[in-house]
Amino acid sequence: MAKKILNILSTLLLIVLVAIVVFVFITRLSGESPSIFGYHIFRVSSGSMEPTLMVGDVIVVRACDPDEIQKGDIITYKSVEGDMKGSEITHLVVEEPYEEDGVWHYQTKGIAEGVALDRPITYDQVEGKYIRTLPFVNKLYTFFLSPYGLITFIFIIIALFGYEMVSLFLSYRSIDEHDDDYYAPKAKKKSKKRKK
């Protein structure tokens, strides 16, 4: 019983790991950020929001309606101009949002000293509102991005895959042996009848 549970758990873990790798790879390849049920995961790449958000922090951002964003909220948006064009930026909303010609506008700015005011952005650039930082995921992310972490991750997948292959081989071998035991007595009976 314990062996069956272990097999099921290892299979599920392997499936989850492979699914995560494939999902993140495909998402990044398409230029998008990983998203699950409207929640996006980003990694802070600059110090413009320090000390609230540090470089390397992994954050969760929730997609929201335009009127949900207020002054004092931290939002992530996609830059459409300048050196950061196409990049996601996470900054503080420093003024009350306003609607003009049916389009919502937001004034954002990084809170670190010396960071200039951003150009106003529109709702179509907004990825969502900052929810929280994931410190544990940040440590895992940092570890798996390192050479040792990557080797460890690959080793875990290979080990799990190897374990599944060995288990599968042993189960087929057990079935073959069981079949041999089942058919062997019948073969002996038939041979005895022929001798008579």
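Which residue forms a salt bridge with lysine 78? In this predicted model, the partner is glutamate 88, and the closest N and O atoms are 3.8 Å apart. A salt bridge here is a side-chain nitrogen of Lys or Arg within 4 Å of a carboxyl oxygen of Asp or Glu. Glutamate 88 lies in strand β5 (residues 88-93) and lysine 78 in strand β4, so the pair ties together parts that are ten residues apart in sequence. Glutamate 88 is partly exposed, at 24% relative accessible area. Lysine 78 is partly exposed too, at 22%. Buried means under 20% relative accessible area, exposed over 50%, and partly exposed in between (1.4 Å probe, protein chains only).

Local features need pLDDT of at least 70, side-chain atom pairs count only at pLDDT 80 or more, and totals for chains, interfaces and linings use all residues. Residues are numbered from 1 along each chain as its sequence is written, and side-chain values use heavy atoms, with hydrogens and water left out.

The chain has three helices and ten strands. Helices (H or I, at least four residues) and strands (E, at least two) are DSSP runs, numbered from the N terminus. Their order along the sequence is α-β-β-β-β-β-β-β-β-β-β-α-α. Of the 196 residues, 28% count as buried. Contact means heavy atoms within 4.5 Å. Among contacts between residues at least 6 apart in sequence, 50% join residues at least 24 apart.

The whole structure holds four salt bridges. One of them joins the side chains of lysine 129 and aspartate 73, at 3.5 Å from N to O. This pair links distant parts of the chain, 56 residues apart. Lysine 129 sits in strand β10 (residues 126-133), and aspartate 73 in the loop between β3 (58-62) and β4 (74-78). Lysine 129 counts as buried, at 16% relative accessibility. Aspartate 73 is buried as well, at 18%. Another salt bridge pairs arginine 62 with glutamate 68, at 3.4 Å from N to O. Arginine 62 is partly exposed, at 24%. Glutamate 68 is partly exposed, at 29%.

The accessible surface of the chain is about 14,000 Å², and 64% of it belongs to carbon and sulfur atoms. Areas come from the Shrake-Rupley method with a 1.4 Å probe; for residues, only the protein chains shown count as cover. Ile5, Ile8, Leu9, Leu12 and Ile15 make a nonpolar surface patch of about 480 Å². Patches consist of residues with over 30% relative accessible area and no salt bridge; like charges are joined within 9 Å, nonpolar side chains (Val, Leu, Ile, Met, Phe, Trp, Tyr) within 5 Å. Isoleucine 8 is found in helix α1 (residues 2-29).
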